[in-house]
Amino acid sequence: MTGTRAGDGDGEVEREGDGIRVDRDKATGVAVVTLDRAARHNAITLEMAAALTAAWREFRFDDGVRAVVITGAGERAFCTGIDRAAHVPQPASPYSVDDPLIAIGPKANDLWKPVVAAVNGMACGGAFYLLGESEFLIASETATFFDPHTTYGMVSAYEAIHMAMRMPFGEVARMSLMGTAERLSAHRAHQIGLVSELAPPAQTLPAAVACAEILASQPTAAVQGTVRALWAAKEAARTQALAHAPHLISLGNLDPGRQAELFEGRRPGDGCRVR
């Protein structure tokens, strides 16, 4: 599958629909999960969230899949988080928040096979649930990273926590607090260690697949054990931090009507600084 579009050659498209595409290459043991809503910047619908959860859980039982690549269709965006058209009813209790993205990542579904993210274009907000639970990131040279939450009156909790596990504190604090005013360039992301490799846009997915093929070719138990060991090094702090997220969101978010006003009030000409 290296150098080809996922699903070509020996690959088979095992699932297509619900806004995601899953391509498995039986010869290499690599599966490619593609967020497949390029026209909507691969924003995640509730159906996509459920499909992602199902895909990760399927991989747990599929010995033919030994490594996974997560990517987004097109070159404009990897993912821009939850689709704003999604309606998520919330319980009345201030102690409960139903987060539709909480189980879209591999680790949330107890998958310890290695996952490589191929990031093309924008990655923001809810995209960090997926990036935060990948082993490492390969990004297009034109990729950008940002977190719009504060601009629209929302607490960046899960997103900031996921990124704090893989970025220097000052960098994730700046990205989380600056909102839409600033974007982190792929080159800066590479400098600070968020991204492990940069590639031209057309080569981002092949570069990620090439790494995944190497991972899939090595003894499975040793690879999965190493993945588990790496995550164990930070799991206690991560779990404790995520437990606070629902309460911080309940306390700090503006009401949905005010959030919508802020979102609708944005102007196409509003610029952002890329650093």
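1. Buried means under 20% relative accessible area, exposed over 50%, and partly exposed in between (1.4 Å probe, protein chains only). By this criterion arginine 21 is buried, with a relative accessible area of 13%.

2. The model is predicted: local features need pLDDT of at least 70, side-chain atom pairs count only at pLDDT 80 or more, and totals for chains, interfaces and linings use all residues. Residues are numbered from 1 along each chain as its sequence is written, and side-chain values use heavy atoms, with hydrogens and water left out.

3. The whole structure contains 16 salt bridges (a side-chain nitrogen of Lys or Arg within 4 Å of a carboxyl oxygen of Asp or Glu). Arginine 21 pairs in this way with aspartate 23 at 3.3 Å, N to O, and with aspartate 36 at 3.3 Å, N to O. The latter pair links strand β2 (residues 20-25) to the loop between β3 (30-35) and α1 (46-61), 15 residues apart. Aspartate 23 is also buried, whereas aspartate 36 is partly exposed at 31%.

4. Glutamate 58 and arginine 24 form a further salt bridge, with the closest N and O atoms 2.9 Å apart. Because glutamate 58 lies in helix α1 and arginine 24 in strand β2, the pair ties together parts 34 residues apart in sequence. Glutamate 58 is partly exposed at 33% relative accessible area; arginine 24 is buried at 12%.

5. Salt bridges with shared partners join Glu171, Arg174, Glu182, Arg188, Arg273 and Arg275 into one network. Glutamate 171 belongs to helix α4 (residues 169-178) and is buried, at 11% relative accessible area.

Note on methods:
Helix = DSSP H or I, 4+ residues; strand = E, 2+ residues; numbered from the N terminus.
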